[in-house]
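Hello,

Please take a look at the structure below. My notes on the ligand site and the aromatic contacts follow it.

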Amino acid sequence: MTINRKKSQTASAPRRLPRYTSYPTALEFDSLDPGLYAQWLKDLPEGPPISLYFHIPFCEKLCWFCGCFTKISNSMEPVQRYLEILRKEIHLISRITGQKKVSHIHFGGGSPTIIDAESFTRLMDLVRESFDILPDAEIAIEIDPRTCSEEKVKAYAKSGVNRASFGIQDFNPHVQEAINRIQPDALITDNIRWFRDGGITDINFDLIYGMPRQTLETIEETVVKTNGFRPSRIALFGYAHVPWMKKHQQMMDKHHLPEQGERQAMFELASRKLQEFGYQAIGLDHFALPEDSLITAREEGRMRRNFQGYSADPATTMIGFGASAIGSLPEGYVQNSPDLKSYVDSLEKDVLPARRGLKVDAMDIMYREVISTLMSVFAVNPWAIAKKHNITHDFAAEKVDLEKLVAVGYLDREGTTYGLTEAGQPYLRAIATLFDQYFPQNSDIIDRCVHESEG
Ligand SMILES: C[S@@+](CC[C@H](N)C(=O)[O-])C[C@H]1O[C@@H](n2cnc3c(N)ncnc32)[C@H](O)[C@@H]1O
Ligand code: SF4
């Protein structure tokens, strides 16, 4: 059977290349009835453990580069009100799903560190009462070192948190000034000590390249300092500049933003240095020490792409809690209302706050695995994946593009497996679009590699 690529629901003008933390991407989500979401939750299969994601959309101070869904709050009152509503959502969902087994929990934001120690403990107690958290579950939390404290870390450790993901971004004081995020080295040293002393030794650092005032020298300084702390995992994100969506990013317009060539050089320098320090490169933008669970997952073919980037989490269902949170269920994707007021209003009426989403079909699920495999291990045999899914598909349109990419040296081919070459690595996201049934295929794949924005 030959299946034509689907028509994108969005405009056909060149668009930014997706990061494929989901497939289909969130751009394709449409309105979704909360009643349908309730049915999807009811239909979750017994047995396989699930993941839970909690979104805390508050921060104390706005970083000018920030692309996350968050609100600035100088008082704890809105945070406490939000936590009460989040508790309501946990009650409502667990009443529908029953006490499901959970293998992975992630607190993201915004800044979950804004929650005080006692409220965090109460929240985790409720999660434990509502779900069956497996003894070896990973419980991860995103840390803004500026709003963390020793008391909070003690509460995390007591509640079973076992992975901390630090927003570091850059160690250079001039860059920190340009991005409105002052974060002295001593603060990071204290934070890391609190976590390691508390027994939370799986530490991630988030770094960003491509921001104002960053140079090859500042990037090298940041990577050397990062190595001094020896986090087991590092995410090295390219700065996404989207001032039309995130107006505050215009605050940085007075500075020079590195061009694409400079960004590429920054990434290559950081990547080379990290590998010299013993980190292994993973997928698009992650690095890990050999003992990190992501390396084992990759070696065993279990590593997957999800909303947190790359994950060793075996669960295929993720339930999202909180305003704007996205979940992934066997039937499709669901996103809660990003509008805090309507999120609260729904839950006050005991209605699930789901607003957008997408029902997936068998082809979406098959293509999701093709894209996730390519993004994770840089090689893919689409025919083998289709066969695994009991789908007969000749990938005729894709094959033309794949062969063009082989001809220019961005891919190589062994049998029916296509692998990314070193020359092709900067174009991974563009190459993945050729399998995206919703991406407008109106530009030549080679032009798309060279010209379309990484963002
Ligand atoms: C929700 S934030 C992390 C937790 C916490 N709020 C903090 O900043 O410390 C997740 C990560 O997204 C990344 N990030 C945020 N805005 C970004 C942007 N515009 N481009 C690339 N990465 C971004 C940062 O590395 C950040 O650490
Ligand atoms: S980067 Fe993190 S701390 Fe800064 S505003 Fe965004 S979510 Fe908040």
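Start with the ligand. An oxygen atom of ligand 1 is 3.4 Å from a polar backbone atom of Ile143. That is a polar contact, meaning a pair of N or O atoms within 3.5 Å; within protein, one must be able to donate a hydrogen and the other to accept it, and residues adjacent in sequence count only if both atoms are side-chain atoms. Taken alone, ligand 1 exposes 570 Å², and the protein buries 88% of that (Shrake-Rupley areas, 1.4 Å probe; for residues, only the protein chains shown count as cover).

Some ground rules. This is a predicted model, in which local features need pLDDT of at least 70, side-chain atom pairs count only at pLDDT 80 or more, and totals for chains, interfaces and linings use all residues. Residues are numbered from 1 along each chain as its sequence is written, chains are lettered from A and ligands numbered from 1 in the order written, and side-chain values use heavy atoms, with hydrogens and water left out.

Back to the site. Backbone N or O atoms also approach nitrogen atoms of ligand 1: one from Phe65 at 2.8 Å, one from Gly67 at 3.0 Å. The shell around ligand 1 holds 20 residues (a heavy atom within 4 Å). Phe65, Gly109, Gln169, Arg181 and Asp206 are the closest. By class, 8 are nonpolar, 8 polar and 4 charged (nonpolar: Ala, Val, Leu, Ile, Met, Phe, Trp, Tyr, Cys, Pro; charged: Asp, Glu, Lys, Arg; polar: the others, Gly among them).

Now the rings. There are 22 aromatic pairs (Phe, Tyr or Trp rings, six-membered for Trp, with centres within 6.5 Å; planes under 30 degrees apart are stacked, over 60 edge-to-face, the rest tilted). Phe29 and Tyr333 are stacked, at 5.7 Å centre to centre and 25° between planes. Phe29 lies in the segment before β1 (30–31) and Tyr333 in strand β16 (residues 332–336), so the pair ties together parts 304 residues apart in sequence (strands are DSSP E runs of at least two residues, helices H or I runs of at least four, numbered from the N terminus). Both Phe29 and Tyr333 are buried (under 20% relative accessible area; exposed is over 50%, partly exposed in between; 1.4 Å probe, protein chains only).

Phe54 and Phe321 also stack, at 4.7 Å and 15°. Both are buried. Ring pairs link them into a cluster that includes Phe107, Phe120 and Tyr156.

Regards
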